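Please find below a short note on the model you sent. It takes helix packing first, then overall dimensions, then a few individual residues.

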Amino acid sequence: MTNVTIIGAQWGDEGKGKVVDWLASRADIVVRFQGGHNAGHTLVVGNQTYKLSLLPSGVVNGKLGIIGNGVVVDPTALLTEIERVSAQGLKVTPETLRIAENAPLILPLHAALDAAREAARGERKIGTTGRGIGPAYEDKVARRAIRICDLAEPETLSAKLDELLLHHNTLLAGLGAPIFKKEDLLADLLALAPKLLPYAEPVWERLAEAKAKGEKILFEGAQAVMLDVDHGTYPFVTSSNTVAGTAASGSGMGPDAAGRVLGIAKAYTTRVGSGPFPTELQDETGQRLGERGHEFGTVTGRKRRCGWFDAAMVRQAVKVGGVQGLALTKLDVLDGFEELKICTGYMIDGQPYKHLPAAMAKQAAAEPIYEVMEGWTDSTQGARSWAELPAAAIKYVKRIEELVEAPVTLLSTSPERDDTILMQDPFAG
């Protein structure tokens, strides 16, 4: 058996929650290794819908959940989420959830700076969620972050706040935003300490023990490859590395931690926020995809932009992200379309491209090159075997496999956990 890492192969919101939940039932431990509470997973189990943001999806299955050091943690958001899912009947305690003691914290000043910067950008805003993710990662790299372990050392915490406020209050004042007082932040953090510290530990040690025992570990990525801070559509990206290799550094395990890498992609394409989107449809077809797919962000509620499947982009994500198999979700949303289009490449300034280049202006100028395919009228919703799919739907999936150069190993045909067609077991290696 092997570990499994799940990452998005588009711009996020691919339906990872359902796939993670489905695989978590067969894992021993589920680990979040990057991102913050700016991304979320919606899990539908029976008549219950769980909206998770920071909590690993394994908590729904009663599995041990771990928040790794690669995650930036908003303590208030985390405790609120624990309270919310506990009210739905889930058990989240220090026995079922562990947090890396060296995970950086998101403080109110991070969200304030995030919002002030976006406002200052005006029409050139990036489209962040305003939750302080970027500024928190900046502090981590600049070696001034407050980490969970600091909550156990009031003197360390006080000294770190001095340095933190020297930086952030200067920026906030320059942007015309209110500044923060040390005594208020210190009092709030010390009040949070007894609520958070029982969850904290050196999770790398627990994961090393699990590996030695041969336990199955599922790594749960947030966002997606094309939002990776290095490999995505920069600067319209998130503030962390989202590729599978981050599972190692973001959890404290070695480079072989990732195991088998499963990339998640919708049978069409969506994006939230600003940035290039070559196949975006700003017409009735785009509206139809959005309405049928219920395309609103799990965390933000923002309406998602919709378009045709971009095979050139997903192929790029497969190569960069180390994807070995593709899970294709929301195939049922395409039911009833007379024809479908797949982007196979781009024209940029009169030249053909097989991938999105790194340069910002070229990304914005990319025009899709389409291949037209026949749609289907029969329903695929709820299908659990190939035999239940229309021939045109099977042809569509097979063509995607060819274009992205990766096998479709799992197919999802509704939000329900069991409406899934499995071609290859990721845990089998």
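1. The classes are applied here to a predicted model.

2. Helix α3, residues 108-121, packs against helix α5, residues 154-174, at an angle of about 30°, and their axes are 10 Å apart. The angle is under 35 degrees, and α3 and α5 are therefore roughly parallel to each other. Their crossing is left-handed. On the α3 side the contact involves Leu109, His110, Ala112, Leu113 and Arg117, and on the α5 side Leu164, Leu165, His168, Leu171 and Leu172. Sorted by class, the contact of α3 with α5 has seven nonpolar residues, two polar and one charged.

3. Helix α5 also packs against helix α6, residues 182-196, with an angle of about 140° and axes 10 Å apart. That angle makes α5 oblique to α6, since roughly antiparallel would need an angle over 145 degrees. The crossing of α5 past α6 is right-handed. From α5 the contact takes in Pro154, Leu157, Ser158, Leu161, Asp162 and Leu165, while α6 supplies Lys182, Leu185, Leu186, Leu189 and Leu190. The classes in the contact of α5 with α6 are eight nonpolar, one polar and two charged residues. Leu165 of α5 is listed in the contact with α3 and again in the contact with α6.

4. On overall dimensions: the protein has 12 helices and 18 strands. For 429 residues, a compact globule would have a radius of gyration near 22 Å, and the protein agrees, with 22 Å. The C-alpha trace spans about 65 × 50 × 40 Å along its principal axes. Of the 429 residues, 55% are buried. Taking contacts between residues at least 6 apart in sequence, 76% join residues at least 24 apart.

5. The peptide bond from Tyr234 to Pro235 is cis, with omega near 10°. Pro235 sits in the loop between β8 (217-220) and α8 (246-249).

6. Arg143 is not a glycine, yet has a positive phi of about 65°. Arg143 belongs to the loop between α4 (133-141) and α5. Its relative accessibility is 74%, so Arg143 counts as exposed. His294, likewise not a glycine, has a positive phi of about 50°. The loop that holds His294 runs between α9 (284-292) and β11 (305-307). With 62% relative accessibility, His294 counts as exposed; the cut-off for exposed is over 50%.

7. Is Val272 buried or exposed? Val272 lies in the loop between β10 (269-271) and α9. Its relative accessible area is 18%, so Val272 is buried; the cut-off for buried is under 20%. Apart from neighbours within four places in sequence, Val272 is in contact with Asp13, Arg302 and Arg304. Val272 and Leu207 are 65 residues apart along the chain, and their C-alpha atoms are separated by 34 Å.

Notes:
Residues are numbered from 1 along each chain as its sequence is written. This is a predicted model: local features need pLDDT of at least 70, side-chain atom pairs count only at pLDDT 80 or more; totals for chains, interfaces and linings use all residues. Side-chain values use heavy atoms; hydrogens and water are left out. Axes are lines fitted to C-alpha atoms, for helices over the stretch in contact, and angles run from 0 to 180 degrees between N-to-C directions. Helices (H or I, at least four residues) and strands (E, at least two) are DSSP runs, numbered from the N terminus. Angles under 35 degrees count as roughly parallel, over 145 as roughly antiparallel, 65 to 115 as roughly perpendicular and the rest as oblique. A crossing is left-handed if the near helix is turned anticlockwise from the far one by less than a right angle, and right-handed if clockwise. Contact means heavy atoms within 4.5 Å. Ala, Val, Leu, Ile, Met, Phe, Trp, Tyr, Cys and Pro count as nonpolar, Asp, Glu, Lys and Arg as charged, and the others, Gly among them, as polar. The radius of gyration is taken over C-alpha atoms; the globule rule is 2.2 Å times the number of residues to the power 0.38. Buried means under 20% relative accessible area, exposed over 50%, partly exposed in between (1.4 Å probe, protein chains only).
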